[in-house]
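Please open the model in your viewer and keep the selection panel at hand. The stops below say what to select next and what is there.

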Amino acid sequence: SMVNPNLGRYLENKPLYMFHKFEQNLLRNIDLNLYFFGGHPRERSGIKEFEKFSFLFLPFFISGLLKMLKSSPCQLAISFIIPLLGLSFIGEDNLADPFSLFPFFSVTIAVGMLNVMKKIKNAI
């Protein structure tokens, strides 16, 4: 017969491998250490890590995230989930890493800064 004896093992393991890779990419892309701390303490060997945003922006990001969750959760979900799914399928083995999530992080940080400045202005 012309059937490869390893065909069953290949067909059985390939979907599991693809799911594992998707899960790995998904979890890697939602790790805040990747964006604010250059991947520390989980740096990848052979890949030069760098901070995408200063760690000083992390409180503004959290403030913006909470503000956007209250005001427009659908818009927040769409602007985060669509690029995240794309990155989870494609992967991020490049120097720019998850470049399609930069607009989400930038807008969320800006919303957080505006939110904090508004609270400071109201307190004065």
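Contact here means heavy atoms within 4.5 Å. This is a predicted model, in which local features need pLDDT of at least 70 and side-chain atom pairs count only at pLDDT 80 or more, while totals for chains, interfaces and linings use all residues. Residues are numbered from 1 along each chain as its sequence is written, and side-chain values use heavy atoms, with hydrogens and water left out.

Begin by selecting helix H3, residues 58-71, together with helix H5, residues 102-123; helices are DSSP runs (H or I, at least four residues) numbered from the N terminus. The two pack at an angle of about 90°, with axes 7 Å apart, where axes are lines fitted to C-alpha atoms over the stretch in contact and angles run from 0 to 180 degrees between N-to-C directions. H3 and H5 are therefore roughly perpendicular to each other, a label that covers angles of 65 to 115 degrees. On the H3 side the contact includes Phe 60, Phe 61, Ser 63 and Gly 64, and on the H5 side Gly 112, Met 113, Asn 115 and Val 116 are among the residues involved.

Next, select Ser 63, which is placed in helix H3. At 16% relative accessibility Ser 63 counts as buried (under 20% relative accessible area; exposed is over 50% and partly exposed in between, with a 1.4 Å probe and protein chains only). Leaving aside residues up to four places away in sequence, Ser 63 touches Gly 112, Asn 115 and Val 116.

Now turn to the aromatic rings and select Phe 36, Phe 53, Phe 61, Phe 80, Phe 102, Phe 104 and Phe 105, which ring pairs link into a cluster. Rings of Phe, Tyr and Trp (its six-membered ring) pair if their centres lie within 6.5 Å, with planes under 30 degrees apart counted as stacked, over 60 as edge-to-face and the rest as tilted; by this rule the count comes to nine aromatic pairs. Phe 53 and Phe 102 form an edge-to-face pair, 5.9 Å centre to centre with 85° between the planes. This pair links distant parts of the chain, 49 residues apart, with Phe 53 in the loop between helix H2 (32-36) and H3, and Phe 102 in helix H5. Phe 53 is buried, with a relative accessible area of 13%, whereas Phe 102, at 26%, counts as partly exposed.

Note on methods
Parallel < 35°, antiparallel > 145°, perpendicular 65-115°, else oblique.
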